[in-house]
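User: Hi, could you walk me through this one? I have a few quick questions.
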Amino acid sequence: MTSLIEVHPLPIALAALLAGLALGLFHFSSLRRVSALYLSGGPVWRALTLQLARFAFLIGLFVLLARAGATPLLAGALGLLIGRAVVLRRSRESG
């Protein structure tokens, strides 16, 4: 019996791309917040909690994508890079 991923790889790859994009936007947008928390001199546990959450989501998504196969993994990585580019462009325009 063939799996759904083998029969229809394009919708799975598109979903992985969109998931990677969403995670990239979250991951790199929250980096500014983490930096501000570290530099503010406030409680370090808040910055560490957000930092651990960022990496937990990143690792969790990429483990799921790796289990789905090479195409979803690469599509998710591409989405993450696109999200990074979007966040960098926004930060340059606002800064």
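**Overall fold**

Analyst: Happy to! Along its sequence the protein chain reads α-α-α-α, where helices (H or I, at least four residues) and strands (E, at least two) are DSSP runs numbered from the N terminus. The model is predicted, so local features need pLDDT of at least 70 and side-chain atom pairs count only at pLDDT 80 or more, while totals for chains, interfaces and linings use all residues. Residues are numbered from 1 along each chain as its sequence is written, and side-chain values use heavy atoms, leaving out hydrogens and water.

User: How many helices and strands are there in the protein chain?

Analyst: There are 4 helices and 0 strands.

User: And is the protein chain compact or spread out?

Analyst: It is more spread out than a compact globule, because its radius of gyration is 16 Å, well over the 12 Å that the globule rule gives for 95 residues. That radius is taken over C-alpha atoms, and the rule is 2.2 Å times the number of residues to the power 0.38. Along the principal axes, the C-alpha trace spans about 60 × 30 × 15 Å.

User: What share of the residues is buried?

Analyst: 24% of the 95 residues, with buried meaning under 20% relative accessible area (1.4 Å probe, protein chains only).

User: Switching topic: how do helix 3 and helix 4 pack?

Analyst: Helix 3 (residues 44-68) and helix 4 (residues 70-94) pack at an angle of about 150 degrees, and their axes are 7 Å apart. Axes are lines fitted to C-alpha atoms, for helices over the stretch in contact, with angles running from 0 to 180 degrees between N-to-C directions.

User: Which residues make that contact?

Analyst: From helix 3 come Leu-58, Phe-62, Leu-65, Ala-66 and Ala-68, and from helix 4 Pro-72, Leu-73, Gly-76, Ala-77 and Leu-80. Contact here means heavy atoms within 4.5 Å.

User: Nice. What sits just after helix 3?

Analyst: Gly-69, with a positive phi of about 130 degrees.

User: Which residues are buried in helix 3?

Analyst: Ala-47, Gln-51, Arg-54, Leu-58, Leu-61, Phe-62 and Leu-65. These buried residues pack against helix 2 (9-40) and helix 4.

User: And which ones in helix 4?

Analyst: In helix 4 the buried residues are Pro-72, Ala-75, Gly-76, Gly-79, Leu-80, Gly-83 and Val-87. Their cover includes helix 2 and helix 3.

Key
Buried < 20%, exposed > 50% of the residue type's maximum accessible area, 1.4 Å probe, protein only.
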